[in-house]
Amino acid sequence: MAKHKHDSEHLLEKTLVEKILDRNKISYQQFAFPTHMDGDVRSLVVDHLDVPENTIFKTLALQGKTTGPLIAVVPLTMHVDIKKLSHVSGNKKVAMVPLKQLVATTGYEHGANTPIGIHSTHPKYPIFIDQHAQQLGKILVSSGQIGRSVKIDAQALAKLVKAKFADIATDD
């Protein structure tokens, strides 16, 4: 028993997202990041890890009058450009989903939103991935739990969640 426990110490229990990737035969690498409380939300701590922050992407839930809920996947080091996202999504205007409505909209709490999990439960939500992901090739996105991510090929991710690549991020 002790040996079995020792052998599995380095393996993380798979998240639902990782199981979805396995079912679709999409390769990925698991990551677990330390987290800390930032006010009333849990945030990643990435300063001391060997992962370039520009390869980590956050998943944001927004609302548009034409589309209803929509999802933007942008680098952690950037912000979603509301005007650009409005334009590419066919909305006059989009706005962030209020924090108190996030779980009801996506099924995930702040910090755990994942395009893979959201697509599996809400396949009609349009998903837009910032074009920087194409240039990077492999990116990290949440695997549905705070502090957990998967490194995945951006093209494979887009194909799985039926996302469009677009210029939707800004440094401002």
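In the predicted model, strands β4 (57-64) and β5 (68-75) pair in the antiparallel sense over eight bridges. Within this pairing, Leu 62 has Leu 70 of β5 as its bridge partner. Both strands belong to an open sheet of five strands, arranged in the order β7-β4-β5-β8-β11 and with mixed pairing. The edges of this sheet are taken by β7 and β11 (164-166), each of which has a single partner strand, so one side of each is left without a neighbour in the sheet. Direction ignored, neighbouring strands are turned by 35° against each other on average. Helix α3 packs on this sheet, where α3 touches β4, β5, β7, β8 and β11. The direction of α3 makes about 125° with that of β7.

Helix α3 comprises residues 82-89, and its buried residues are Leu 85, Ser 86 and Ser 89. These residues cover an arc of only 105° around the axis, which puts them on the same side of α3. Lys 83 and His 87, on the other side of the helix, are exposed. The buried residues of α3 are covered by elements including β4, β5, β6 (79-80), β7 (94-96) and β8.

A further open sheet consists of three strands in the order β1-β10-β9, with antiparallel pairing. Strands β1 and β9 form its edges, each pairing on one side only. From one strand to the next, the twist averages 30°. The antiparallel pairing of β1 with β10 extends over four bridges, and Arg 148 in β10 is the bridge partner of Ala 32. Two helices pack on this sheet. Helix α2 touches β1, β9 and β10, and its direction makes about 25° with that of β10. Helix α7 touches β9 and β10, and the direction of α7 makes about 100° with that of β10.

In helix α2 (residues 16-23), the buried residues are Val 17, Glu 18, Ile 20 and Leu 21. Their arc around the axis is only 155°, which puts them on the same side of α2. On the other side of this helix, Leu 16 and Arg 23 are exposed. The packing partners of the buried α2 residues are β1 (29-32), α5 (115-121), β9 (138-142), β10 (148-153) and α7 (154-161). After α2 comes Lys 25, which has a positive phi near 55°.

In soluble globular proteins, nonpolar side chains tend to be buried together. The largest nonpolar core of the model has 29 residues, of which Leu 21, Ile 116, Ile 129, Val 141 and Leu 157 touch the most other members. At least two residues of this core are supplied by each of α2, β4, β5, α5, β8 (127-130), β9, β10 and α7. The greatest contribution, five residues, comes from α7. When residues up to four places away in sequence are not counted, Leu 21 touches Ile 26, Tyr 28, Ile 116, Val 150, Ile 152 and Leu 160.

Glu 53 and Thr 77 are separated by 24 residues in sequence, while their C-alpha atoms are 6.5 Å apart in space.

Over the whole chain, the secondary structure amounts to seven helices and twelve strands. Of the 172 residues in the chain, 45% are buried. Among contacts between residues at least 6 apart in sequence, 60% join residues at least 24 apart. The accessible surface of the chain is about 9900 Å², and carbon and sulfur atoms account for 53% of this area.

Conventions:
Residues numbered from 1 in each chain as written. Predicted model: local features only at pLDDT ≥ 70, side-chain atom pairs only at ≥ 80, totals over all residues. Heavy atoms only, no water. Buried < 20%, exposed > 50% of the residue type's maximum accessible area, 1.4 Å probe, protein only. Arc of directions from axis to C-beta. Contact = heavy atoms within 4.5 Å. Core = buried A, V, L, I, M, F, W, Y, C linked by side-chain atoms within 4.5 Å. Pairing = 2+ DSSP bridges. Axes fitted to C-alpha atoms, helices over the stretch in contact; angles between N-to-C directions. Areas by Shrake-Rupley, 256 points an atom, 1.4 Å probe, with all protein chains shown as cover.
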